[in-house]
Number of protein chains: 2
Amino acid sequence: MDLTEKPIKQEYIYKGKILNIRVDDALLPDGGSAKREVVEHNGGVMIAPLDDDYNLYFVEQFRYPYMEIVTELPAGKLEKGEEALSAGMRELKEETGATADNITSLGKLYPSPGYTSEIIYLYLARGLSFGEQELDFDEFLEIKKIHLDKAVKMVMDGEIPDSKTQVAILKIKLLKDEGLI
Amino acid sequence: MDLTEKPIKQEYIYKGKILNIRVDDALLPDGGSAKREVVEHNGGVMIAPLDDDYNLYFVEQFRYPYMEIVTELPAGKLEKGEEALSAGMRELKEETGATADNITSLGKLYPSPGYTSEIIYLYLARGLSFGEQELDFDEFLEIKKIHLDKAVKMVMDGEIPDSKTQVAILKIKLLKDEGLI
């Protein structure tokens with residue numbers, strides 16, 4: 001069966017700073033139609049700083065949609081036209097003050113494919129050197145060092161809800177178990 | 001440092017079927033202010049059907065925001081007031097035709113905490129019996145059986161981008177390695 005849906009009509013409800021909202025009429029595979037609400041997002045990047053003793057460096061940040069402090073690996077939005085790897089290096093420096101000798105991909109992530117077009121690109125950073133943070137004017141966060149083994153336990157115990165951070169910690173654990181890092 | 005941000009002004013831009021859009025002025029920790037764009041979402045549920053031979057049952061579904069077919073574990077939105085566990089059992093039956101003797105929690109997931117309030121609740125379903133699918137009118141999908149070991153390899157190779165599906169597969173792998181399932 002061909003599962004493809006096609007846009008019949010597209011309407012922008014909102015064009016904002018970090019996202020646009022579109023409501024489309026879509027043609028369904030059986031010839032019917034349905035409304036599709038879409039959050040257009042320019043994409044994000046996450047970079048996991050892992051030191052030689054297998055400590056990870058997290059940021060604790062107030063996340064407005066949940067009205068709570070969330071523990072995450074360093075991350076940020078892609079600027080228009082910005083390449084994911086260089087955005088990751090920029091966010092790492094801004095949020096933790098770190099630079100890295102060696103950066104490898106941990107794949108990509110679709111956070112919630114039912115309604116958002118965001119793609120988050122994941123990276124692992126090794127060979128770390130620490131300098132000064134360079135936070136944005138509206139960015140307030142605290143850095144927390146947690147060993148990989150403890151971080152895995154926190155994910156399994158439900159203490160790290162952020163999706164990209166869960167995925168990255170569990171992938172790094174498997175790569176380490178396989179002797180690849 | 002107190003990282004808390006407080007709403008000064010809230011404005012609804014859109015109230016829709018699966019999401020609302022709000023643009024707030026927020027009071028920052030240093031007394032300044034900033035715009036915060038928020039997607040209000042009622043929450044979701046994912047349920048991983050795992051049979052006695054450690055095969056997982058996936059759905060392949062056209063995901064409109066990406067205009068591509070995405071391989072995911074069965075999932076759906078919470079209806080207003082609906083409890084996550086019963087919603088998970090409903091989605092499992094609707095999408096795969098399966099019922100389960102035994103359901104346990106795999107935690108929760110914040111898909112993209114910078115802008116959406118969605119929480120996705122994750123479950124593992126064992127003791128499966130298969131009957132007929134009961135799809136919604138605008139839902140078209142195909143079921144795919146993949147062994148856990150193959151699924152882990154697909155996650156590590158970047159072939160399963162969906163965040164909830166990556167997290168669930170990697171958690172199930174760790175639980176199995178620890179002899180807990």
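User: What is the strand order of the open sheet of 3 strands in chain A?
Analyst: This is a predicted model, where local features need pLDDT of at least 70, side-chain atom pairs count only at pLDDT 80 or more, and totals for chains, interfaces and linings use all residues. Residues are numbered from 1 along each chain as written, chains are lettered from A and ligands numbered from 1 in written order, and side-chain values use heavy atoms, without hydrogens and water. Strands (E, at least two residues) and helices (H or I, at least four) are DSSP runs numbered from the N terminus, and two strands pair if DSSP finds at least two bridges between them. Pairing in the sheet is antiparallel, and the order is 6-5-10.

User: Why is one side of strand 6 and of strand 10 of chain A left without a neighbour in the sheet?
Analyst: Strand 6 covers 68–72 and strand 10 covers 141–147 of chain A. Both stand at the edges, so each has a single partner strand.

User: Which residue of strand 10 of chain A is the bridge partner of A:Phe58?
Analyst: Strand 5 (residues 55–63) of chain A runs antiparallel to strand 10 of chain A, joined by 7 bridges. The partner of A:Phe58 is A:Lys144.

User: Are helix 2 and helix 3 of chain A roughly parallel or oblique to each other?
Analyst: They pack at about 130°, with axes 10 Å apart. Axes are lines fitted to C-alpha atoms over the stretch in contact (heavy atoms within 4.5 Å), and angles run from 0 to 180 degrees between N-to-C directions. Under 35 degrees is roughly parallel, over 145 roughly antiparallel, 65 to 115 roughly perpendicular, the rest oblique. The two helices are therefore oblique.
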